[in-house]
Amino acid sequence: MSLQPLISIIDDDASVRLAVLSLLRSFGLKGLAFDSAEAFLASGELENTKLVITDIHMPGMSGIDLKRNLDAQGSTVPVIMITAKTEVAVMERARACNPSCLLKKPFDSEEFITCVERALAL
């Protein structure tokens, strides 16, 4: 049994999922990737997840909708949102969901890990 906290990565872009997983592993963290919010919710891994990292713009359920869904379930799992979009309205909607961190792609690995560590309170 691993003592590392499980971090769930949700992004429809396989290259981003792989890059984020690789970055987490390089810092000794454990990640599990999903290609959609729906796949994550259906997986049953929410109860094991200590941090969610989600893209905002995905087909189907968006990262913002995922955060709202988790809040509605009473989940206290912190959520880091990432996006390549920089429209003010999108960023305002994302901030209104009170994510642990909101990062614009491409993001700096140091900034990303700082957000992860803060969210996990490492």
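Mentor: Buried means under 20% relative accessible area, exposed over 50%, and partly exposed in between, with a 1.4 Å probe and protein chains only. The model is predicted, so local features need pLDDT of at least 70, side-chain atom pairs count only at pLDDT 80 or more, and totals for chains, interfaces and linings use all residues. Residues are numbered from 1 along each chain as its sequence is written, and side-chain values use heavy atoms, leaving out hydrogens and water.

A nonpolar core is a set of buried Ala, Val, Leu, Ile, Met, Phe, Trp, Tyr and Cys residues joined through side-chain atoms within 4.5 Å. The largest one has 20 residues, of which Ile7, Leu24, Leu51, Ile53, Ile80, Phe112 and Val116 touch the most other members. Phe112 is buried, because its relative accessibility is 0%. Beyond its neighbours within four places in sequence, Phe112 is in contact (heavy atoms within 4.5 Å) with Val20, Leu23, Leu24, Ile53, Leu103 and Phe107. Another core, of 18 residues, lies apart from the largest one and includes Phe34, Val52, Ile56 and Leu66.

The whole structure contains two aromatic pairs. Rings of Phe, Tyr and Trp (its six-membered ring) pair if their centres lie within 6.5 Å; planes under 30 degrees apart count as stacked, over 60 as edge-to-face and the rest as tilted. Phe34 and Phe40 are edge-to-face, because their ring centres are 5.3 Å apart and their planes at 70°. Phe34 is buried at 10% relative accessible area, and Phe40 is buried at 0% relative accessibility. Phe107 and Phe112 are stacked, with 5.0 Å centre to centre and 20° between the planes.
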